[in-house]
Amino acid sequence: MSSTTRRAPGARLGLAARYATLLLMLVLMLGPIVWQFLTSIRGRTENVYDGVLPSQPTLDNYLRVAESFPLLQYVGNTLIVAALAVTSNALFAAMGGYALSRAGWKGRRSVFTVLVATLMFPFESVMISMFLTVREMGLVDTLIGVWLPGAVSVLNVMVMRAAFLAVPKEVEEAAVLDGAGEWTRFTRVFLPAAKGALAVVCLTSFMGAWDDFLWPLLVLTDSEHYTLQLGLKTLAGATTVSDQRIIAAGAMAALVPMMLLFFALQRFFFRGVGEGAVKT
């Protein structure tokens, strides 16, 4: 009892240190977002760097964003690309992950090794060859050209593979005994068991397409086809717009949909992250 009592102050100190570290990380991660939001609601006559809280809060800056550039058009273009990316990644990652998780075909390990090796190459090392390919296909300055390189991610395939490997063999054997074919087992047994991982794939695919800037910058030339992030860059660089309040409001307008989507799917997201931990 006395030994436990002597260790109690040290345990409390360690707990306090952990909470202090978590609080510091929270401030570092959320601090810029909070500052950006506060900047976006400052009045026109306020100094952006004068204090932390705005003295004349207003939402007029968000209306001025819509007036400064075609916000709805850019959001629509981005949603098209994001919807295509989510659909293709969910479909191809699930099919590819299922194939890689099934034993009995030659070359499975070689294919898996090659796919993992591709993760070592950064996007910047292959973007020129990707651009030349898209150009030869006649897809430059099109939303299809923006979507195509991200149609399926190797990382998403690995996530689905890990989730399918975690499905107990007894479940699959029972489906085989019931006469279920390969496609039936895939759609009726494995996909329902990997809903969490599929939610992770959909969420990360949407975020990747929504946040992408470099690839649309290379592919798109007509402003009518601009995605939201590319449009925000033109907003920040416009000679007629030098107000940091409008730029902050535009950035917040781009951030809010992702935050809402994440909070709506966080239950599936965290469950999906844990899928595949038993057997990989």
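This is a predicted model: local features need pLDDT of at least 70, side-chain atom pairs count only at pLDDT 80 or more; totals for chains, interfaces and linings use all residues.

Me: Where is serine 40?
Reply: Serine 40 is in helix α1, which covers residues 2–40.

Me: Buried or exposed, and why?
Reply: Serine 40 is buried, because its relative accessibility is 0% and buried means under 20%.

Me: Which residues is serine 40 in contact with, leaving aside neighbours within four places in sequence?
Reply: They are Thr58, Asn61, Tyr62, Arg245, Ala248, Ala249 and Met252.

Me: And how far apart are the C-alpha atoms of serine 40 and leucine 59?
Reply: They are separated by 7.7 Å, and the two residues are 19 apart along the chain.

Me: Changing topic. What volume does the largest pocket have?
Reply: The largest pocket has a volume of about 750 Å³. Its lining has 24 residues, and Phe123, Pro149, Gly150, Val152 and Ser153 lie nearest the centre.

Me: Which element gives the most to that lining?
Reply: α10 does, with 4 residues. Elements that each supply at least two residues include α3, α6 and α7.

Me: How do the lining residues of the largest pocket divide?
Reply: There are 15 nonpolar, 8 polar and 1 charged.

Me: What about the second largest pocket, by class?
Reply: The lining of the second largest pocket has 11 nonpolar residues, no polar and no charged ones. Leu30, Ile33, Met259, Phe262 and Phe263 lie nearest the centre of this pocket. Two or more lining residues come from each of α1 and α13, and α13 gives the most, with 6. The space in the second largest pocket is about 350 Å³.

Technical notes: Residues are numbered from 1 along each chain as its sequence is written. Side-chain values use heavy atoms; hydrogens and water are left out. Buried means under 20% relative accessible area, exposed over 50%, partly exposed in between (1.4 Å probe, protein chains only). Contact means heavy atoms within 4.5 Å. On a 1 Å grid over the protein atoms alone, a cavity is a set of points where a 1.4 Å probe fits but cannot get out, and a pocket is an open set with protein on both sides within 12 Å along at least five of seven lines; lining residues have an atom within 4 Å of a point. Grid points are joined across faces, edges and corners, and a volume is the space filled by probe spheres set on the points. Ala, Val, Leu, Ile, Met, Phe, Trp, Tyr, Cys and Pro count as nonpolar, Asp, Glu, Lys and Arg as charged, and the others, Gly among them, as polar.
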